[in-house]
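Here is my note on the model, in numbered points. Please keep the structure open as you read.

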Amino acid sequence: ACSFERVLPPDCDTIGDFLNRHWERDVHSWHVKGGALDALRAGFCMGDVGEVLARCRKEDNAAYTAEEMSGMEGDLENGRRTLNLPFCFTDGAARIKHS
């Protein structure tokens, strides 16, 4: 099972620690231990952005159009922009939400 706590950087014991120390402050990378990385990959369509987008919805619960999904993939790949998808219904998103 995957939970947010399993992917926290080593200097953080809780989500609160992470938010206070790093959120919107710096870029941070760390090693994910055990099977957490495998669980994240499996829970988010093995990194297939198109497949993840197909499992997300807009605020009005409508699916994204093919044109919208293509634009978001371009933003991610070419513009290096973060995709904010609060209504994501992949298995990984559901597990993190319920952790």
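1. Start with Asp-75. Its relative accessible area is 30%, so Asp-75 is partly exposed (buried is under 20%, exposed over 50%, partly exposed in between, with a 1.4 Å probe and protein chains only). Asp-75 forms a salt bridge with Arg-81, with the closest N and O atoms 3.7 Å apart. A salt bridge here is a side-chain nitrogen of Lys or Arg within 4 Å of a carboxyl oxygen of Asp or Glu. Arg-81 counts as exposed, at 52% relative accessibility.

2. A word on the source. This is a predicted model, where local features need pLDDT of at least 70, side-chain atom pairs count only at pLDDT 80 or more, and totals for chains, interfaces and linings use all residues. Residues are numbered from 1 along each chain as its sequence is written, and side-chain values use heavy atoms, leaving out hydrogens and water.

3. How many salt bridges does a search of the whole structure find? The search finds three. One of them joins the side chains of Glu-51 and Arg-55, at 3.1 Å from N to O. Glu-51 is partly exposed at 32%, and Arg-55 is partly exposed at 35%.

4. Glu-68 forms a salt bridge with Lys-58, and their closest N and O atoms are 3.1 Å apart. Glu-68 lies in helix 4 (residues 66-77) and Lys-58 in the loop between helix 3 and helix 4, so the pair ties together parts ten residues apart in sequence. Helices are DSSP runs (H or I, at least four residues), numbered from the N terminus. Glu-68 is partly exposed, with a relative accessible area of 31%. Lys-58 is partly exposed too, at 25%.

Key: Helices (H or I, at least four residues) and strands (E, at least two) are DSSP runs, numbered from the N terminus.
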